[in-house]
Amino acid sequence: EREREQARVYDLQKERELRKERAPELSFAGRRRHVSDDERRRYQRTLDLVLDRNEGPGGHTEYRWKKSGELAFVDRGDFITFESITPTAVRAGLQLAKEKGWEAVRVTGSIQFRRENWLQAGLMGIELSGYEETESDRQRLIELKREQELRREEYRRRDARSQNIEPRDGLMIKASELRRALEEEAKKLELEIAGIQKERRA
């Protein structure tokens, strides 16, 4: 009986090892929240830019690369199985998880795939199990978060410029309002100069 139990445990371990190597996958890990339509549209950014959604066999949703038409991953309800394990595919898959309201996920697959998911999940605020990070992973996540914040700041500046707004001493001032204020100051200065000249002539 003990030998049979040891053999069963061994078989389960081997199965998990094979699954890690052969089945890149994200799965729902028990915590879900409601996602509004506006929030869902934000999560779809990478999804809609590079992937097409199509109904696949069994009612599952397939996500294929727009350029090549090749399969990237499949939404199987509480599982997302990956055919592509590129960083872009990982990011899009996690965005799909956010869109579905998943707050916690479990990852299986190769070490490289699990590591990339851990990094991207850290950037998105998703709790992830199935990968034990290293100190270098934690340092890399800190670097990525810094880069993310710099990109966000640049996007905010671009958005401000597109709305005719200029940053001044930490404040956001419309360029039209700034011009009007400068014109008023110029008029005041002209009146002061005219008054000084008048006094001198008198």
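Predicted model: local features only at pLDDT ≥ 70, side-chain atom pairs only at ≥ 80, totals over all residues.

Trainee: What is the strand order in the open sheet?

Mentor: Seven strands, in the order 2-3-4-5-1-6-7, with mixed pairing. Strands here are DSSP E runs of at least two residues, helices are H or I runs of at least four, and both are numbered from the N terminus. Two strands pair if DSSP finds at least two bridges between them.

Trainee: Which are the edge strands?

Mentor: Strand 2 (51–55) and strand 7 (127–129). Each pairs on one side only.

Trainee: How many bridges join strand 2 to strand 3?

Mentor: Five, and the two strands run antiparallel. L51 stands opposite W65 in strand 3.

Trainee: And strand 3 to strand 4, how many bridges there?

Mentor: Four, antiparallel. E62 stands opposite V74 in strand 4. The two strands form a hairpin with five residues between them, and G69 in the turn has a positive phi of about 80°.

Trainee: What about strand 4 and strand 5, which sense do they pair in?

Mentor: Antiparallel, over three bridges. F73 stands opposite F82 in strand 5. That hairpin has three residues between the strands, and G77 takes a positive phi near 90°.

Trainee: Switching topic. Which residues have the most contacts inside the largest nonpolar core?

Mentor: L51, F73, L94 and V105, in a core of 29 residues. Such a core is a set of buried Ala, Val, Leu, Ile, Met, Phe, Trp, Tyr and Cys residues joined through side-chain atoms within 4.5 Å. Buried means under 20% relative accessible area, with a 1.4 Å probe and protein chains only.

Trainee: What does L51 touch?

Mentor: Among others, Y63, W65, F73 and A92, not counting residues up to four places away in sequence. Contact means heavy atoms within 4.5 Å.

Trainee: Now helix 5. Why is it largely enclosed?

Mentor: Ten of its 14 residues are buried, so helix 5 is largely enclosed by the rest of the structure. Among the buried ones are F113, W118 and L123, along with R114 and E116.

Trainee: Which strands does helix 5 touch?

Mentor: Strand 1, strand 5, strand 6 and strand 7. Just after helix 5, G125 takes a positive phi of about 75°.

Key
Residues numbered from 1 in each chain as written. Heavy atoms only, no water. Buried < 20%, exposed > 50% of the residue type's maximum accessible area, 1.4 Å probe, protein only. Axes fitted to C-alpha atoms, helices over the stretch in contact; angles between N-to-C directions.
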